[in-house]
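Here are my notes for a colleague who is meeting this structure for the first time. Please keep the sequence and the model open while going through the numbered points.

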Amino acid sequence: MILLRASAAAAALLACTALTPASAAVFNRIATFHVADNRPADSDPQAETVAEIIAATPDGMTLVHTDSPGERLGLIDITDPEAPKPAGTIALGGEPTSLVVVGNKALVGVVTSESYDKPSGHLAVVDLTGKTVLATCDLGGQPDALARSPDGAYVAIAIENERDEDINDGAIPQLPGGNLTWFGIGADGTVDCATKTVADLAGMADVAPTDPEPEFVDINTANQAIVTLQENNYLAVVDLATGDIINSFSAGSVDLDQIDTVEEDAINLTGSLTGVPREPDAVQWIDDDRFVTANEGDWKGGSRGFTIFNKGGDILYDSGNTVDHIAARRGHYPEGRSENKGSEPEGAEVGTFGDDRFIFIGLERASLVLVYRDTDGEPEYVQALPGGIGPEGLLAIPERNLLISAAETDLMPDGGIGSVVTVFELQDGAPAYPQLVSADDANGTPIPWMAISGTVADASEAGKLYAVTDSASSVARILTIDATKKPAVITAEMTLTQDGKPATNLDPEGIALASDGGFWIASEGNPEREKNKTDSLLIKVSADGSVEATYPLPEAILKHALRFGFEGVTTVGTGDDETVWIAVQREWKDDEKGHAKLLAFKPADQSWGVVRYPLDAPKKGWIGLSEITAHGNGLVVVERDNQIGKAAAIKQLTYVSLDGVVPAAPGASDVPVVNKEVVRDLIPDLASPKGYVLDKIESFAIDSAGDAFIITDNDGVDDHSGETVLLNLGKLDLPM
């Protein structure tokens, strides 16, 4: 047995850079399709729409995906892959779990079970042209994954008969057990139900031999099916021509070091796990002898990585901790899953593009698609792609140089983004994503980061930024970013401390340079919480991150505070003339509707002043302030709505002149309203990466060379894709 593991040095080098060798092509996102755009006219506009498993017609011009909540298939026209169009849906009368396409027909596994202990389902033969179900074949159980043989002779279905996780904490066995079922396929895509063949997969695994629960299946050119028995932590190789089980073996276990194993709202890559069952989900043949598994886990395991086996059961490569490290380095690590399965690799795909065979791994919780080049040995890491929230289905279309990701999570009922299908193209050049990565820390692991909420530029070094992370992390930190690199690199981290210990109960939303070389931090606060109420605070921090002083609001202002408190902070002047300006996100109780406060604090005499900022009227949701930056004799303000994707209407930079502005004293009845000038619509900038417009543009800074930078907040990968947009807008035409 040959076992190859990524060495620590090699893994760090590969993971730290998003670039591949200059001679190599890379995948870049060229379009994002919103599944809700294909909603049937008579459907509930609030109902969930999902793209889960995805396939393409033989010409690669139409995508076909399962939409299990809608009990239908969705069709997407990608004749122009940069402009996908809705192409209708097909009702199935049951929940589709997977599909394959043969000619103009889709073969779909449809669940019709009345309960977990009475599983049922059928294979539907669907005419994609007429959009009708032509025939069905009974499966005698609940189908999960489907696979079509490369020669078109067979369709195989993993009959899972999944367990009820509410019974006995989801322990198995829970009968009836599943199997592998397959049928012969005609050249025109018809299925002869009489050719149904069943392989009993019970009795092989040590875990729960009576309940194999097959999860995923793939077929090689020798018509051999590889099947994952996920909860059994087992694999079986089945000859579809003879019906024989050629081989079966345990997926084994792994020991993991330098991973996060505790959910404490902070990413700490210092934990270890031993003997973790891989429990593979998706499986794909690489060639006729080797296959790759995505080791998601489901019951007692999940090794946070992927493994390459041969069909004899030998492990040829295991990714170890590198997958979680790649996610952490790119701000995508889901800290809230640390006590479970981390990034949760779930999807897998293999495709040959020209001379290169690529392995694609979809990370369900980190919402990334990892790309590796197959080398017949240790795979070469190439890049990480943003795959929407919860990329489930992956599809390579080499004939068109395309890769497709189907993200199953739909948050539209809660005001978030819906399920999306993302189109990537293999192109010459550098990867467009990520736009921000981190270097290694003193332990040789990535500096973990998430939820960047405020930024300021260094006073003298062009391209050097300082950023704060918000309460998505329990540890308040200042990150140093080298934005001259592409992607930009987080080169250092500094924890905010108080009395020699990490500062607590802070929600940093803004950062500014203090005239003495330290920093001003704006902590948002939330006085409306029933427990752990906090007030908005202005904090003075030394250059080494220690809290020197905190400045609460005077009672005349504080008594009107609501949960949407301090956001951006900036400074004007130096020494005794220094004024700290703070943007309050939304209206407080004493503000006129449609107006938010700008607060002015003078450190020299610790006095406060107030002006009001006129907000645009929201088309939907609310509008507030996210950042404030001194420029010339005024302030650049980030004003945005709380909408995402196509609903986003207002993300803009405005300029507020301070000429003649005299802030009112706290509690004064006559508070001046400043004038604003819109200087840039940021929606085209946020749409330029070809994804969807992210809701939280929370950072803006102008460096010493005059270049302007924006950064979005990824909410700590909580109900979020984890994607962070960092753009250099260049030199803006701003008033002086």
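1. How many aromatic pairs does the count come to? In this model, which is predicted, the count comes to 19 aromatic pairs. One of them is formed by Phe306 and Tyr317, whose rings are tilted, with 5.7 Å from centre to centre and 45 degrees between the planes. Phe306 belongs to strand β23 (residues 306-310) and Tyr317 to strand β24 (residues 315-318), so the pair ties together parts that are eleven residues apart in sequence. Phe306 is buried, and Tyr317 is buried as well.

2. An edge-to-face aromatic pair is made by Phe353 and Phe358, with 5.9 Å between the ring centres and 65 degrees between the planes. Both of these residues are buried, and together with Phe27 and Phe360 they form one aromatic cluster.

3. The charged end of Lys300 sits over the ring of Trp299, at 4.5 Å from the ring centre, and the charged end of Arg586 sits over the ring of Phe564, at 4.3 Å from its centre.

4. For the overall architecture, the secondary structure comes to four helices and 53 strands. The radius of gyration is 27 Å, close to the 27 Å that the globule rule gives for 736 residues, so the protein is as compact as a globular protein of that length. Along the principal axes, the C-alpha atoms fill a box of roughly 90 × 55 × 55 Å.

5. Of the 736 residues, 61% count as buried, while the accessible surface comes to about 26,900 Å², with 46% of it belonging to carbon and sulfur atoms. Among contacts between residues at least 6 apart in sequence, 53% join residues at least 24 apart.

6. Is His34 buried or exposed? With a relative accessible area of 13%, His34 falls under the 20% cut-off and is therefore buried. His34 lies in strand β2 (residues 25-34), and, leaving aside its neighbours within four places in sequence, it is in contact with Ile417, Ser419, Val420, Lys646 and Tyr692.

7. Lys196 is found in the loop between β13 (179-184) and β14 (197-200), and it is partly exposed, with a relative accessible area of 32%. Residues up to four places away in sequence not being counted, Lys196 touches Asp138, Leu139, Gly140, Thr181, Trp182 and Phe183. Its side chain reaches the backbone oxygen of Asp138 at 3.3 Å. The C-alpha atoms of Lys196 and Ala156, which are 40 residues apart along the chain, are separated by 9.7 Å.

8. Two cis peptide bonds deserve a look in the model. The bond from Ile172 to Pro173 is cis, with omega near 15 degrees, and Pro173 has its place in the loop between β12 (154-159) and β13. A cis peptide bond also joins Lys486 and Pro487, where omega is about 0 degrees; Pro487 is found in the loop between β35 (477-482) and β36 (488-495).

9. Finally, there are backbone angles to check. Asp499, in the loop between β37 (497-498) and β38 (501-502), has a phi near 55 degrees, a positive value in a residue other than glycine, and is exposed, with a relative accessible area of 76%. Asp719, which lies in the loop between β52 (707-712) and β53 (726-731), has a positive phi of about 55 degrees although it is not a glycine, and it is exposed, with a relative accessible area of 59%.

Note on methods. Residues numbered from 1 in each chain as written. Predicted model: local features only at pLDDT ≥ 70, side-chain atom pairs only at ≥ 80, totals over all residues. Heavy atoms only, no water. Helix = DSSP H or I, 4+ residues; strand = E, 2+ residues; numbered from the N terminus. Buried < 20%, exposed > 50% of the residue type's maximum accessible area, 1.4 Å probe, protein only. Contact = heavy atoms within 4.5 Å. Phe/Tyr/Trp six-rings, centres within 6.5 Å; stacked < 30°, edge-to-face > 60°. Lys NZ or Arg CZ within 6 Å of the ring centre and 35° of its normal. Rg over C-alpha atoms; globule rule 2.2 N^0.38 Å. Areas by Shrake-Rupley, 256 points an atom, 1.4 Å probe, with all protein chains shown as cover. Polar contact = N/O pair within 3.5 Å; in protein donor to acceptor, adjacent residues only side chain to side chain.
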